[in-house]
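Subject: The structure I promised you

Hi,

Here is the structure we talked about, sequence included. Have a look at it first, then read on.

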Amino acid sequence: ETRLFDVDEPTGPHDLWLVGRGGNGVLNLDYLLFSSDQPPEAPSGLSAVVRSDSEVDLSWIDESALEAGYHVYWSSRGTKPATPQLALPAGATGASLQGLTPGTPYTLWIEAHNPVGASLASSVQALTTGLRPSIEDFTLVLIPDTQMYVSESDWYSPGQRPEKRMYSEQISWILASQETMNIAFVTHVGDVVDYEDDVSEREFASAEQARLEAAGMPNGIAPGNHDLHAATYEGAHNFWEDFFPASRYSNFPWWGGNYNGNSNSYQLFSAGGMDFIIVHLGWGIRDDEGARTWASSLLDLHADRRAIVVTHAILEQDGSAIWNDVISGHDNVFLFLGGHTCADVVHETRIHGGDRAVEQFMVDFQCNPFGGGGKLAYFTFRPTDGQVEFSVHNTFSPMDLSRWDRSFPYEMN
């Protein structure tokens with residue numbers, strides 16, 4: 001026989017006894033422990049009242065007796081965060097959210113939950129009052145492959161050969177723009193030189209990079225195949241370490257550390273009221289699981305910092321290995337930079353973790369006349385607008401390069 005019956009408490013563990021009787025005696029006794037398996041209903045009537053430029057009050061109607069509590073989420077990006085920012089007890093019908101950014105549109109969500117699961121999330125939009133605080137714009141500069149300048153390669157047509165002074169012009173432009181553009185960091189994506197065993201090339205490139213260091217400019221390099229090629233052969237001399245060892249940088253306040261000599265390094269800097277970590281990973285990291293593990297652990301350790309990853313061969317196996325083993329799973333990474341491939345600029349917005357956007361840029365002009373002619377790229381961060389602008393500039397001779405201009409949204413509250 002099957003019977004349906006109600007229980008006094010609709011959720012949680014329940015004791016059930018089944019007793020059979022015959023005459024005046026108990027014939028059998030069965031015992032069963034069961035739990036309700038129903039998540040709570042979603043709250044209704046969610047509304048938001050803006051109380052100040054940084055405070056919003058929420059209210060809702062409790063539609064269920066099954067909840068163990070409520071989770072509240074909010075975001076200015078329009079995407080519900082993975083974890084709640086506020087937990088409330090069962091029976092709550094309101095909350096005050098504080099510490100929000102003035103003049104900012106927010107989406108707010110609330111869901112009821114119990115041990116079985118969560119309800120559907122109810123959402124509402126709110127715009128905080130006041131003006132968003134003005135945060136100073138700043139710039140990240142990217143130096144593409146400089147190997148052809150340093151070697152003054154004869155690979156080019158007559159009258160179009162690159163010259164060392166084109167590298168010098170790049171550094172001079174950076175130094176001249178340091179204050180006006182508020183340059184916070186300079187990254188070199190590798191292939192600093194053409195022939196790693198050519199001492200004259202090393203000396204020239206080392207001296208140019210030293211100009212940045214003398215000016216107190218935070219910088220880093222992701223050495224490329226032309227920088228580390230000899231070092232990939234067992235027993236071969238590592239010429240990179242002769243001119244760019246970790247000891248060269250270790251006393252700078254922005255220096256973070258290194259792995260496997262200075263083939264892999266990281267730096268820390270702050271700009272626009274934000275803290276960043278930038279990780280430079282050298283050629284051949286696809287074959288170096290230890291280096292990839294080290295880089296991933298850095299992003300875990302500095303999860304509170306916004307993260308940039310730089311490698312030379314970003315469109316080849318090195319880039320794939322870094323994406324799979326280093327970037328994926330780290331929500332703080334938003335920018336992935338590289339060079340190596342003769343394709344000028346290749347930009348792609350890549351997604352990991354379902355909704356985490358990483359802007360990937362490959363920049364390499366070495367197959368242009370004059371080995372690139374002094375072109376470099378830079379990112380202008382505009383925190384107040386929540387935008388990052390990408391631009392290309394020719395430091396050696398004026399020309400219109402706006403065809404490569406683009407921008408992407410990036411929340412910088």
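Below is what turned up, starting with some ground rules.

This is a predicted model, so local features need pLDDT of at least 70 and side-chain atom pairs count only at pLDDT 80 or more, while totals for chains, interfaces and linings use all residues. Residues are numbered from 1 along each chain as its sequence is written, and side-chain values use heavy atoms, with hydrogens and water left out.

**The sheet**

Seven strands make an open sheet with mixed pairing, in the order β14-β15-β16-β17-β18-β20-β19. (Helices, H or I with at least four residues, and strands, E with at least two, are DSSP runs numbered from the N terminus; two strands pair if DSSP finds at least two bridges between them.) At the edges sit β14 (255-259) and β19 (344-352), each pairing on one side only. Further in, β17 (residues 306-311) and β18 (residues 333-338) run parallel, joined by four bridges. Isoleucine 308 stands opposite leucine 335 in β18.

**The core**

Those two residues come up again: Ile308 and Leu335 are among the residues that touch the most other members of the largest nonpolar core, which has 32 residues. (A nonpolar core is a set of buried Ala, Val, Leu, Ile, Met, Phe, Trp, Tyr and Cys residues joined through side-chain atoms within 4.5 Å; buried means under 20% relative accessible area, exposed over 50%, partly exposed in between, with a 1.4 Å probe and protein chains only.) Apart from it lies another core, of 31 residues, including Tyr149 and Met181.

**Helix α6**

Helix α6 (residues 289-301) lies across β14, β15, β16, β17 and β18. Its 13 residues should span 18 Å at 1.5 Å a residue, and the end C-alpha atoms are 18 Å apart, which agrees. (The expected span is 1.5 Å times one less than the number of residues.) Among its buried residues are Trp294 and Leu298, and what covers the buried ones includes α7 as well as β16.

**Arginine 211**

Arginine 211 belongs to helix α3 (residues 199-214). Leaving out residues up to four places away in sequence, arginine 211 touches Ser168, Ile171, Ser172 and Leu175 (contact means heavy atoms within 4.5 Å). Its side chain also reaches the backbone oxygen of serine 168 at 3.3 Å.

Definitions and conventions
A polar contact is a pair of N or O atoms within 3.5 Å; within protein, one must be able to donate a hydrogen and the other to accept it, and residues adjacent in sequence count only if both atoms are side-chain atoms. Axes are lines fitted to C-alpha atoms, for helices over the stretch in contact, and angles run from 0 to 180 degrees between N-to-C directions.
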